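Here are my notes on the two-chain model you sent over.

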Amino acid sequence: MIEFQNVAKTYRVAGREVPALQSTDLRVEAGEVFGLIGHSGAGKSTLLRLINRLEAPSAGRIMVDGEDVTALDSTGLRAFRRRVGMIFQHFNLLSSKTVAANIAMPLELAGEHSRAEIDARVQELLARVGLTDHARKYPAQLSGGQKQRVGIARALATRPKILLCDEATSALDPQTTGQVLQLLAEINRELGLTIVLITHEMDVIRRVCDRVAVMDAGQIVEQGTVADVFLHPQHITTRRFVFESEHVDEESQHADFEHVQGRILRLTFTGEATYAPLLGRVAQKTGVDYSILAGRIDRIRETPYGQLTIALVGGDINAALAQFEAADVHVEVLR
Amino acid sequence: MDALLTRFFPNVYWDEIWQASLDTLLMLVGALPFTVLIGLPLGIVLFLTGPRQLLEQAAVYRVLAFLVNLLRSLPFVILLILMIPLTELVAGTSLGVAGAIPPLVVGAAPFFARLVETALREVDRGIIEATQAMGASLGQIIWRALLPEALPGLLAAITVTAITLVSYTAMSGLIGGGGLGDLAVRYGYQRYQPDVMAVTVVLLLILVQVLQTVGDRLVVLFSRK
């Protein structure tokens, strides 16, 4: 659906070339929720804006839905942008227009629809985002979550195939964040919309994304399915994001484990294995004794997973490792 | 009543006051629309070509900004005199209400343009970006997003400009422009008739007060923040 071929972007600041995005290849498949995570200044915002050409690339080619975005003239670009919705961290609603008028705006700008068609579409969208009763209010009268719902309805007005989300939940409280993410997941499922979102919170990625790319210093340093990247982070930036989201300090944890005897393993369970009574069974059969040092059981999108750090003492440790692996548990020997 | 007026305002000819009030109003009503008509597009161009804006054009911006500053730094009295040949060309006369309007417009339009530029800068950049992302053309961004969002600021700018025009009209008396300010200078100052001065000042004060109040009301009416 979206393909970056050697795309790079440099800005000229005070006569100097500042690279924002180094030569990047990227593919986003139709119908998936693709997350880009990175700290501010990592280039994720630039990458997102290259997709609908709010930023023009300095090099490379960007194909969206079979169309070379980099080659579009201004008329073509305007028509193209109507097929790509966008929502923003600070919502960017027009304060001078009512909720209904904000949602109607992309349709009015397109100039291809009658008033009756626009009104009907606005009603439909208001219902979808649950704001039917707020149609005549102005944005200033709404809460943050409601404003983002208006943003989403507005972005969907022209029935785009792609939705770009620029830190869409970063200005919201945790509960509202959950509701907005749920709405995005719903839209993705029901409309088959391809979603590209950028965020600096691993939790957002974990809850809605299928695949994720981690960005650092203007390049993608790691990418893959959320489960792979989340459960087995390779790059230092990725590890930091994961540990941050789990409120774990990697270094102090290592210091704590120094006094623990035996082998230390990290077991990762996904899917059904998460809830299987495996540890006790393995201990019984192999005579090992275990203690749980750290752990987390949660979900990645709809898939449950568990990650336990355990210490094993005595018994047949190699047999225990073999049994874990036989049960489809991913084992990492930490020490 | 007449006796009372004559006693407290011995030098005041009321029909002259009436005519002068009417002249002041006519100058304002004549000059304000042209000021907005010229100043608004100029302000929009200043905004759009300014640093880090949609049509960033450093050269165009610098030339326009210089011209605007030049006209704004010229004392209005000097502008009035410099403009006489041009005024005669445009209005057919350099005297009276008609002769006052061209210099008023040339004096106030650059001032208004700067206020417009400032009001447009107050519009959240994110709103412009969102409108662009919807596939809006430049004209649509200006008419459908920028101007509606800046409307309260623009109304405030028009109010300030209208009041500035009132004070400019007072000076146009110097070159035979007429109006309340002219009366204040000729009778109140030159002939030392404090009663005429007092009446004109009170009338000008009322006019300014009314303009400010109406302007403020409109700003509140169109503010949705």
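1. A word on terms before the fold: helices here are DSSP runs of H or I with at least four residues, strands are runs of E with at least two, and both are numbered from the N terminus. Please also keep in mind that this is a predicted model.

2. Let's start with chain B. Along the sequence, its pattern reads α-α-α-α-α-α-α-α-α. That amounts to nine helices and zero strands.

3. For the overall dimensions, the C-alpha atoms of chain B occupy a box of roughly 70 × 40 × 25 Å along the principal axes. Chain B has 225 residues, and 41% of them count as buried. If we take the contacts in chain B with a separation of 6 or more, 71% come from residues 24 or more positions apart.

4. Helix 8 of chain B, residues 180-190, deserves a look of its own. Which of its residues are buried? They are B:Leu180, B:Gly181, B:Asp182, B:Leu183, B:Ala184, B:Tyr187 and B:Gly188. The cover over these buried residues includes helix 2 (14-49), helix 7 and helix 9 (194-222) of chain B. After helix 8 of chain B comes B:Tyr192, with a positive phi near 50°.

5. Now to where the chains meet. In this contact, 19 residues of chain B touch 19 residues of chain A. On the chain B side, the elements giving two or more residues are helix 6 (125-133) and helix 7 (138-172). Sorted by class, that side of chain B has eight nonpolar, five polar and six charged residues.

6. Chain A comes with a record to compare. The unreviewed UniProt entry annotates residues 2-242 of chain A as "domain: ABC transporter". Over residues 2-242, chain A is 39% helix and 28% strand, with the end C-alpha atoms 26 Å apart.

7. The domain assignment of chain A gives domain 1 (2-244) and domain 2 (254-333). Their C-alpha centres lie 38 Å apart. How many residues of domain 1 of chain A are in contact with domain 2? Seven are, and they meet seven residues of domain 2.

8. On the domain 1 side of that contact, helix 7 (202-208) and helix 8 (226-231) of chain A each supply at least two residues. Helix 8 of chain A gives the most, with four residues. By class, this side of domain 1 has five nonpolar, no polar and two charged residues.

Definitions and conventions: Residues numbered from 1 in each chain as written. Chains lettered and ligands numbered in written order. Predicted model: local features only at pLDDT ≥ 70, side-chain atom pairs only at ≥ 80, totals over all residues. Contact = placed C-beta atoms within 7 Å. Nonpolar A, V, L, I, M, F, W, Y, C, P; charged D, E, K, R; others polar. UniProt positions renumbered as here; feature names shortened; annotations may be inferred. Domains from an automatic or database assignment. Buried ≥ 20, exposed ≤ 12 C-beta atoms within 10 Å, placed from the backbone.
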